[in-house]
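Subject: A structure for you to explore

Hello,

Here is the structure I promised to pass on to you. Have a look at it first, and then read on for what was found.

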Amino acid sequence: MRELTYAQAIREAHAQLLAEDPRVFLIGQGVWNPWYAGTSLQDLDKEFGRARVMDSPVSENATTGAAIGAAITGMRPIVFHPRMDFMLLAVDPIINQAANWSYLFAGQVSVPVVIRAVINRGGEQGAQHSQALQALFAHVPGLKVVMPATPSDAKGLLIAAVNDGNPVLYLDDRWLYERRGYVPEPLYQVPLGKAALRRSGKDVTVVATSCMAAESLDAARVLEARGVDAEVIDLRTIKPWDRDTVFSSVGKTGRLVIADAAWLSGGIAAEIAATVVGELFHALQAPIIRVCLPDAPAPSSSFLEQAYYIGADDIVVAVEKVLR
Amino acid sequence: MHLQDGGTRRLSSERLTLFLYEMLRIRATEERIGQLVESREIKTPCHLSIGQEAIPVGVCAALRQDDTVWGGHRSHGHYLAKGGDLNAMMAEVFGKATGCAGGRGGSMHLAAPAQGIFGTVPLVAATIPMAVGAALSAKLRGTDEVAVAFFGDGATDEGHFHESLNLAALYRLPVLFVCENNLYSTHMMLNERRVKDNIVESAALHGFPGLVVDGNDAVAVYQATYQAMERARTGEGPTLLECRTYRWRGHVGPALDLEVGQNRQQDLAEWMQKDPIMRLRERLREEGLSDADFSEIERRIADEVDAAVNFARRSPYPDESDLLHHVYVSRRGA
């Protein structure tokens, strides 16, 4: 079986999309440069030409707005923001424009654009190079938000996002770039809005996003050695999220831990917890626990970073708590 | 009966009469909208472009149907001049299901994709980068379509404008930036917002032509646009037109807003003397347009506007079940 890294899988999705569909083009900061995107865009400009693989000035607003205008007029653009933080300079085109366009014009006009942003944690990069802002965008009707956690999803979700016909935010995580996994060779789609059951278990449900899905599997192995059988769901799409898969798992286990490496307050984990409590209260045998970042900006000091970021250990602690 | 022709330099009396007709139709429509706002039959915010009609008419006369226009909240004129349907626009202003946006948009959100009108929105400057994107799309698709961004002088205070000019210049995109400089951004005059009256200089900073045009002269606007379109279609890149005009009515609704600005009462009186419609009428009078001809055009337009209002009044509101439709489009083929 062929293995690729997460970053290589993203690159392959771009390459196949560019080769397959003349409407696809790529625009953003650093797409000609390995400093920003790692190997995830490597040499695409050489392969497909700089007319379709466009490195841009530091103009998040104009490049994103231009991609939206191009999408409305028949293209399938992918916009690249090398740090999710920088994408905030394009919040007007994303939220005010792209998200509303189909609704405002009663479906006569749509915005088939993919906006890719990289979540970049740790490495002493501090508050403005580390944010995971998925909840901000998942709040907005009209947007879809995907967060692949595995190499095969990284490829399949990008292809599905480009073909979706709606504005889709594709959030990849630099912590996953070197993870390896089986990636099928053809151009294939991972359906938006469908979670993946990564591990079956009967004692507790762990719902995770992005890099926390991998951490949850690590946690499940630790828990298994302690006699706990955890079910792990990788949400994959944050908006819309897969209620059926989550409900059916919680209906079975009666216990829920949600792991999302973003801030606790008002986040995805809060949304899932509120929905499960509201609609599946009778099935719960214990309070829901959320494993999220503390409500503080990311510190730079590596000592503080260690206290700030969450991982498998925190999930193990949370699971043991819901089982008590 | 539409005047878009892809642009010929010669303007016959017949074509100029069409210009006059288009301008009169925009004005009559907006005056009627103003009355309907005053009588509270229309409640959505309506921003009137009365006094500025020469700009959309002059620009759109030099466009083809497949050229795209992108506008703001004051876009009734852009919509009508580009070939949007009057009935559908009036119904939209009324919030009716037959409106050009199905009643979801109101006056500030107009669309007619078949006419190259892909959407207008009130966040000023928001559609400037989108027009740049439409131009990029045209270039990548290998067509010679041109995208036109209409925006007011207030929009040039936004970062969108400056980023977009740079991007359009860098990629030599077929885009025309049309600044309708009516000297006001809501209540603030140009000189309260800028230390220099220098919007047009933004083009030169990015290495492409910028022209100041008399925005109350439809023929001058047409001719400037015609030249810009030739540049754009032959791959020479963008142009900025700063069309100088004046907003007769207030920022929103039919009021005159005489309490804002520094000297609005006197300025308004002076600018009304430069009425773009009367100017063209005088020129056409010399070419043989009689008062009876003019009255006939006015009568025909009054009938059209009456019919549009009746159409809007008779049309149903959207069904409540429509509320959650079109948040997303259903999946298209790959």
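**What was found**

There are zero disulfides over all chains of this structure. A:Cys292, for example, is in no disulfide, and the nearest cysteine sulfur, that of A:Cys211, is 11 Å away. Please keep in mind throughout that this is a predicted model. As a reminder, a disulfide is a covalent bond between the sulfur atoms of two cysteines. A:Cys292 is also buried, with a relative accessible area of 12%.

Next, please find the open sheet of chain A, which is formed by seven strands in the order 3-2-4-5-7-6-12, with mixed pairing. Its edge strands are strand 3 (53-55) and strand 12 (237-239) of chain A, each of which pairs on one side only. On average, neighbouring strands of this sheet are turned by 20° against each other, direction ignored.

How do strand 6 and strand 12 of chain A run? They run antiparallel, and two bridges join strand 6 (residues 144-146) to strand 12. In this pair, A:Val146 stands opposite A:Thr237 of strand 12.

Helices pack on this sheet as well. Helix 1 (residues 6-20) of chain A touches strand 2 (24-28), strand 3, strand 4 (76-81), strand 5 (114-119) and strand 7 (168-173) of chain A. The direction of helix 1 makes about 145° with that of strand 7 of chain A. Helix 7 (residues 151-163) of chain A lies across strand 2, strand 4, strand 5, strand 6, strand 7 and strand 12 of chain A, and runs at about 165° to strand 7.

**Salt bridges**

Side chains of opposite charge can pair when their charged atoms come close. Over all chains, a search of the whole structure finds 43 salt bridges.

- A:Glu12 pairs with A:Arg2, and their closest N and O atoms are 2.8 Å apart. A:Glu12 is buried at a relative accessible area of 16%, whereas A:Arg2 counts as partly exposed at 24%.
- A:Asp164 pairs with A:Lys144, with 3.1 Å between the closest N and O atoms. This pair links distant parts of the chain, 20 residues apart: A:Asp164 is in the loop between helix 7 and strand 7 of chain A, and A:Lys144 is in strand 6 of chain A. Both A:Asp164 and A:Lys144 are buried.
- A:Asp153 pairs with A:Arg198, with the closest N and O atoms 2.6 Å apart. Here the partners are 45 residues apart, A:Asp153 in helix 7 and A:Arg198 in strand 9 (residues 196-199) of chain A. A:Asp153 is buried at 3% relative accessibility, while A:Arg198 is partly exposed at 30%. Salt bridges with shared partners join A:Asp153, A:Arg198, A:Asp234 and A:Arg236 into one network.

**Where the chains meet**

How many salt bridges are there between chain A and chain B? The count is zero. The contact takes 48 residues from chain A and 44 residues from chain B. Together the two chains bury about 3700 Å² between them, 63% of it on carbon and sulfur atoms. A:Thr73, A:Tyr103 and A:Leu104 supply 17% of the area that chain A buries against chain B, more than any other three residues.

**A covered strand in chain B**

Last, look at strand 8 (residues 239-244) of chain B, which is mostly covered, with five of its six residues buried. Strand 8 pairs in the parallel sense with strand 4 (residues 175-181) of chain B over six bridges, and B:Leu176 stands opposite B:Thr239 there. Strand 7 (residues 210-214) of chain B is also parallel to strand 8, over five bridges, with B:Val212 opposite B:Glu242.

Enjoy exploring!

Best wishes

Note on methods:
Residues are numbered from 1 along each chain as its sequence is written. Chains are lettered from A and ligands numbered from 1 in the order in which they are written. This is a predicted model: local features need pLDDT of at least 70, side-chain atom pairs count only at pLDDT 80 or more; totals for chains, interfaces and linings use all residues. Side-chain values use heavy atoms; hydrogens and water are left out. A disulfide is a pair of cysteine sulfur atoms within 2.5 Å. Buried means under 20% relative accessible area, exposed over 50%, partly exposed in between (1.4 Å probe, protein chains only). Two strands pair if DSSP finds at least two bridges between them. Helices (H or I, at least four residues) and strands (E, at least two) are DSSP runs, numbered from the N terminus. Axes are lines fitted to C-alpha atoms, for helices over the stretch in contact, and angles run from 0 to 180 degrees between N-to-C directions. Contact means heavy atoms within 4.5 Å. Buried area is the accessible area (1.4 Å probe) that two parts lose on being put together, summed over both. A salt bridge is a side-chain nitrogen of Lys or Arg within 4 Å of a carboxyl oxygen of Asp or Glu.
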